[in-house]
Amino acid sequence: MRPALLDPLFATVATLTGVGPKLADLLAKLLGRESVEESRVVDLLFHAPYNIIDRRNRPGIAHAPQGAIVTIQGRVDRHQPAPPGNRSAPYRVFLHDETGELALTFFRAKGDWLSKALPVDEEVMVSGKVDWFNGRASMVHPDFMVKVSEAENLPLVEPVYPLTAGLSPKVLRRAIDGALTKMPVFPEWIDETLAARQSFPHVADAFRELHDPRDETDIDPQAPARRRLAYDEFLAGQLSLALVRQRLRKVTGQPIRGKGDFAAKILANLPFSMTASQSAAVKDILTDIAGEDRMLRLLQGDVGAGKTLVALMAMATAVEAGGQAVLMAPTEILARQHFATISKFAAAAGISCEVLTGRTKGKERREIEERIASGEAQIIIGTHALFQDSVSYKNLVLAVVDEQHRFGVHQRLRLTAKGISPHMLVMTATPIPRTLVLAAFGDMDVSKLTEKPAGRKPITTVTIPTERIGDIVARLKSALSEGKKAYWICPLVEESEESDLMSAEERHAVLSKSLGADIGLIHGRMSGPEKDAAMLAFKSGETRLLVATTVVEVGVDVPDATIMVIEHAENFGLAQLHQLRGRVGRGDEASTCILLYKGPLSENGKARLSILRDSEDGFLIAEEDLKLRGEGELLGTRQSGTPGFRIASLEAHADLLEIARKDAAYIIERDPELSSERGRNLRTLLYLHRRDEAIRFLHAG
């Protein structure tokens with residue numbers, strides 16, 4: 001049960017004074033919530049300003065710089081209304097100070113309102129942006145206008161918030177002020193000595209200071225209020241991960257011990273041998289699963305480093321020990337591709353494999369589910385359909401989750417909720433820096449695959465401006481006539497008004513004309529069967545060029561594709577470009593990746609493309625990407641970035657993450673049920689940060 005003191009903060013935003021249905025919808029959109037019901041008052045507290053407007057700048061009219069926000073005190077001289085019948089002409093009010101004259105300009109304004117607000121001969125204060133035109137100063141629609149007699153109402157320093165279309169800063173500010181009044185008296189959940197050492201304010205003061213910055217330093221991520229709230233956020237995250245881990249650890253694992261005969265048969269049939277880091281990862285995994293504790297291990301391997309084989313070795317051991325293993329992939333294409341690879345190798349050891357996805361329907365689905373329930377199906381590969389209620393396992397002992405960041409912690413828990421406590425191996429091709437692993441997954445054991453499998457050649461990466469696209473198409477034409485295969489990646493599905501990026505559909509049409517060949521097209525709006533058909537045609541060589549959006553980013557395997565063209569490369573993140581590049585260079589032929597960019601590039605854009613040109617090391621690229629872009633982007637979109645932090649930032653607050661991790665471990669060790677006074681206060685913290693899932697584990701334990 002959420003503590004009653006938090007109830008006012010968990011009321012919907014629609015309950016705030018002055019928030020009607022239309023505004024509630026805008027706020028829900030701004031706060032990234034699905035609906036008005038889901039957007040709560042507390043979300044407004046966490047909506048942090050990113051800048052300030054400082055109105056303490058009072059240079060006098062003649063000395064006001066072009067485009068600067070200034071505050072002017074002057075006397076109103078005259079009004080100049082728009083000519084009758086001409087609605088589009090502005091209404092002007094002229095005022096002067098001892099240095100010069102300023103025209104306040106209003107469009108579609110009501111004259112009677114202006115004559116009341118700015119009476120002739122009245123001393124007024126106005127604040128806004130000054131523009132100079134032909135030696136005359138003007139201010140269009142001032143942000144503030146008050147009579148000097150009432151000037152104490154003028155906020156001199158004002159926070160600037162992220163907004164959404166249709167929402168004005170004034171209206172948002174009123175809603176946030178309303179949210180601040182709903183704050184209860186919070187208990188203190190941070191250790192006293194830590195709070196003193198870090199100069200953390202109390203949490204309620206931290207929220208007030210966050211929304212009431214006095215100068216530039218208050219907006220800085222290192223401001224005490226921001227550091228306090230960032231620490232709370234990290235602590236809530238680390239604590240909930242620790243509770244989940246504690247719960248997973250309580251359910252003992254089933255020790256899996258095999259002689260290694262199945263694995264040996266598979267290895268004997270491979271056309272290549274394992275790399276040193278693959279062998280080391282397999283050894284770690286087999287040691288983990290042979291113990292009483294459940295394994296929870298992250299296997300990080302760059303694109304093409306051979307994670308699937310490592311997973312197969314573990315799954316073969318699980319089957320040899322009499323159990324079943326599942327491999328869960330984020331998409332239909334990936335699941336079917338894993339099935340194609342794994343079933344071929346598993347057959348050598350006589351292991352039976354099944355594939356189950358959302359598209360498996362009717363009789364076929366019932367038969368597969370029966371084989372899973374009877375234990376006849378030994379390795380089952382699929383999408384999250386593997387954990388639907390209708391699927392029951394005879395003896396599931398190992399679960400492998402591919403591309404973890406596309407599944408939340410919640411899907412991992414659903415496995416456990418089925419009353420099953422398999423060992424868990426999580427694989428990702430997104431090389432995640434250590435700080436991010438900690439933030440997103442807590443203290444997982446990590447294995448890294450560092451080498452590329454034998455025989456893989458390096459990929460040559462070049463950056464070319466869009467103006468030279470004609471040369472690229474000509475070179476592509478001759479490469480295709482020699483029987484080569486190529487990808488052409490575009491950022492959008494279809495052309496839109498707002499964007500001058502080339503859409504996949506449009507590029508497909510242009511290339512079909514100029515190359516005259518059969519060209520494939522694949523994008524996210526196509527149905528599953530359409531995507532599969534397009535992939536199959538490309539794989540089999542029916543089409544030799546595939547125009548695609550980033551759907552091909554993860555795991556699609558066409559070993560004889562050797563050319564990758566990425567259009568508008570400057571708009572992709574580094575990690576994503578690296579993933580896309582990894583679609584080529586999977587066979588034994590030399591491959592090329594061409595990054596087409598539209599100049600002029602920003603400094604950041606130049607830095608990104610040159611890092612990619614100079615390195616194929618995914619871990620290095622991920623660290624650089626984190627520095628350049630921030631963590632949410634690294635794990636997909638900002639909203640669904642696994643950490644999902646609102647105030648905390650891994651670049652700015654990495655030191656706090658480390659402290660929070662140790663603090664959480666200490667708390668769980670001393671007070672596993674959170675029943676002490678500080679434990680109860682920490683429950684309030686978990687609820688405040690919407691970590692209710694973790695608290696349910698306390699009761700379920």
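View 1. In the hairpin of strands E5 and E6, two residues sit between the strands, and Asn134 takes a positive phi near 50°. This is a predicted model, so keep that in mind as you explore each view. Strand E5 (residues 123-133) and E6 run antiparallel, joined by four bridges. To find your way along this pairing, look for Val130, which stands opposite Met139 in E6.

**View 2. The other partner of E6.** Which strand pairs with E6 in the parallel sense? Strand E4 (residues 100-106) does, and its pairing with E6 (residues 136-140) covers four bridges. Here a handy landmark is Leu102, standing opposite Ala137 in E6.

**View 3. Two helices packed together.** Helix H11 (residues 307-320) packs against helix H12 (residues 332-346) at an angle of about 50°, and their axes are 11 Å apart. Are the two roughly parallel or oblique to each other? At that angle, H11 and H12 are therefore oblique. Their crossing is right-handed. Zoom in to see Thr308, Leu312 and Met315 of H11 meeting His338, Ile342 and Phe345 of H12. Of the residues in this contact, four are nonpolar, two are polar and none is charged.

View 4. Strand E17 (residues 485-489) pairs with strand E19 (residues 545-548) in the parallel sense over four bridges. One place to look is Ala486, whose bridge partner in E19 is Leu545.

**View 5. How confident is the prediction?** The protein chain averages a pLDDT of 85, and 88% of the residues score at least 70. Where is confidence lowest, and where is it highest? It is lowest in helix H22 (residues 631-634), at a mean of 42, and highest in helix H6 (residues 203-211), at 97. Over residues 631-643, pLDDT stays under 50, and for these residues the model has 31 contacts beyond four places in sequence.

Key
Residues numbered from 1 in each chain as written. Predicted model: local features only at pLDDT ≥ 70, side-chain atom pairs only at ≥ 80, totals over all residues. Heavy atoms only, no water. Pairing = 2+ DSSP bridges. pLDDT = per-residue confidence, 0-100. Contact = heavy atoms within 4.5 Å. Axes fitted to C-alpha atoms, helices over the stretch in contact; angles between N-to-C directions. Parallel < 35°, antiparallel > 145°, perpendicular 65-115°, else oblique. Left-handed = near helix turned anticlockwise from the far one by under 90°. Nonpolar A, V, L, I, M, F, W, Y, C, P; charged D, E, K, R; others polar.
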